[in-house]
Every structure is written in structure tokens, then in C-alpha cells.
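Hi,

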Amino acid sequence: MTRQEKANIIESLTEKFNNNPHFYITDASGLTVAQINAFRKVCFDRGVEYGVYKNTLIKKALGNVEGDFTDLDESLKGFSGVIFSSEVANLPGKVIKEYRDKQGLKKPLLKAASIDRDFFIGEENLKTLTELKSKQELIGEVIGLLQSPAKNVLSALQSGKNTLGGLVKALSEREN
């Protein structure tokens, strides 16, 4: 690979890291080319991008991104693939799990993940990452919680068949 080709890959990777706040680093060593291509297809179908890169190129690209990514250095050894997701933080984790379950494989393994610059190192974090709620799910839950007290008051008023209004009227008549 020429210096120019490496520079182009680093530039492309830097752009991807800047444009995708969520990325997962995986280890797919031992998988056949056909299995890796099948994994790429699953990623594409689910709307995430998967690519295999040299660790030195990943490190150099991360060095060009604002922030400190040195916590990921230990994960950048051996075979490394990167899954990029721009919107949904848990989608790459779900894709990994779905592919492994469907194929009956133990790989690709999760080496590390960066979710909005928070790092999750190691395979043991995959379950946690798949259970993360998306921004839209969290907003929906908050709106539901905020609407709940108002709905309870309205339903209590409606279930009393205007009893509250009648009590207020009766009390005001007593006072006069």
C-alpha cells in the first residue's frame, strides 16, 4: 500500500469518525471471507457500515478526531473491523448479536465501542450495549411520564361524573 493510499484511508476514516458519534471495534479473526461478506450484508441491510482496517490507520484517524481515544489503544491489536452508526447507538450491538445468533458463531467479538465519546471495552459489554435505549425511545418515555399525571387527573374527574362540580356547587350554596 502506498503512502498516498494510506493517507486517503486515514482521511476517509477520520471523516467517518467525525460523522458517526457511535462506533464499535470488532474482532472477526477466524471468519472466512464468505462469513465476513455475509456480516457486511447484514450491516448494510440494517443501516450501519462495516469495514476492516489496519490498526495503525485506525489509531492515526482517531488521532485526527477531537477528543482523547487512547483508552481504545489496547483494543487495537490483531484483526480489527469498525462498525459505524450515525443515529442509533445500540444498533451495531444488535447487528453483532443477530448475526452471531443466526449463524451460530461466537464472532465477531466486541473489542470496544464508543458511544458519544463514552468507551465500553470488552465483549462483556455487548449485552449492555444492545439494551441501551435510543434517543427517540428515551424522549418517548419522558413524554409519557410527563403526560401521565395530567391523564390521571382528567380520568379521575371524568370518572366522578361531574361529582366534583356538584360538590363545589353544593358547598357554595351552603355558605350563602
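Lys77 sits in the loop that runs between helix H3 (55–63) and S3. Keep in mind that this is a predicted model.

How accessible is Lys77? Its relative accessible area is 48%. That value falls between the 20% and 50% limits, so Lys77 counts as partly exposed.

Which residues does Lys77 touch, leaving aside its neighbours within four places in sequence? Lys77 is in contact with Asn55 and Lys111. Lys77 and Lys111 are 34 residues apart along the chain. Their C-alpha atoms are separated by 9.4 Å.

**The sheet**

Now the strands. Five of them form an open sheet, in the order S2-S3-S1-S4-S5. The pairing is antiparallel. Strand S2 (49–52) and strand S5 (118–121) are the edge strands, and each pairs on one side only. Between neighbouring strands of this sheet the turn is 15° on average, direction ignored.

Phe23 stands opposite Phe84 in S3.

Helix H1 (residues 3–19) packs on the sheet. H1 touches S1, S2 and S3. The direction of H1 makes about 40° with that of S3.

**Aromatic rings**

How many aromatic pairs does the structure hold? There are six. A pair of rings is described by two quantities, the distance of the centres and the angle of the planes.

Take Phe39 and Tyr99. Their ring centres are 5.1 Å apart, and their planes are at 65°. The centres lie within the 6.5 Å limit and the angle is over 60 degrees, so this pair is edge-to-face.

Where in the chain are the two partners? Phe39 belongs to helix H2 (residues 33–46), and Tyr99 to helix H4 (residues 91–103). They are 60 residues apart, and the pair links distant parts of the chain.

Are these two residues buried or exposed? Phe39 has a relative accessible area of 1%, so Phe39 is buried, the cut-off being under 20%. Tyr99 also has 1%, and Tyr99 is buried.

Ring pairs link Phe17, Phe23, Phe69, Phe84 and Phe119. Two of these residues, Phe23 and Phe84, came up above as standing opposite each other.

Best wishes

Methods: Residues are numbered from 1 along each chain as its sequence is written. This is a predicted model: local features need pLDDT of at least 70, side-chain atom pairs count only at pLDDT 80 or more; totals for chains, interfaces and linings use all residues. Side-chain values use heavy atoms; hydrogens and water are left out. Rings of Phe, Tyr and Trp (its six-membered ring) pair if their centres lie within 6.5 Å; planes under 30 degrees apart count as stacked, over 60 as edge-to-face and the rest as tilted. Helices (H or I, at least four residues) and strands (E, at least two) are DSSP runs, numbered from the N terminus. Buried means under 20% relative accessible area, exposed over 50%, partly exposed in between (1.4 Å probe, protein chains only). Two strands pair if DSSP finds at least two bridges between them. Axes are lines fitted to C-alpha atoms, for helices over the stretch in contact, and angles run from 0 to 180 degrees between N-to-C directions. Contact means heavy atoms within 4.5 Å.
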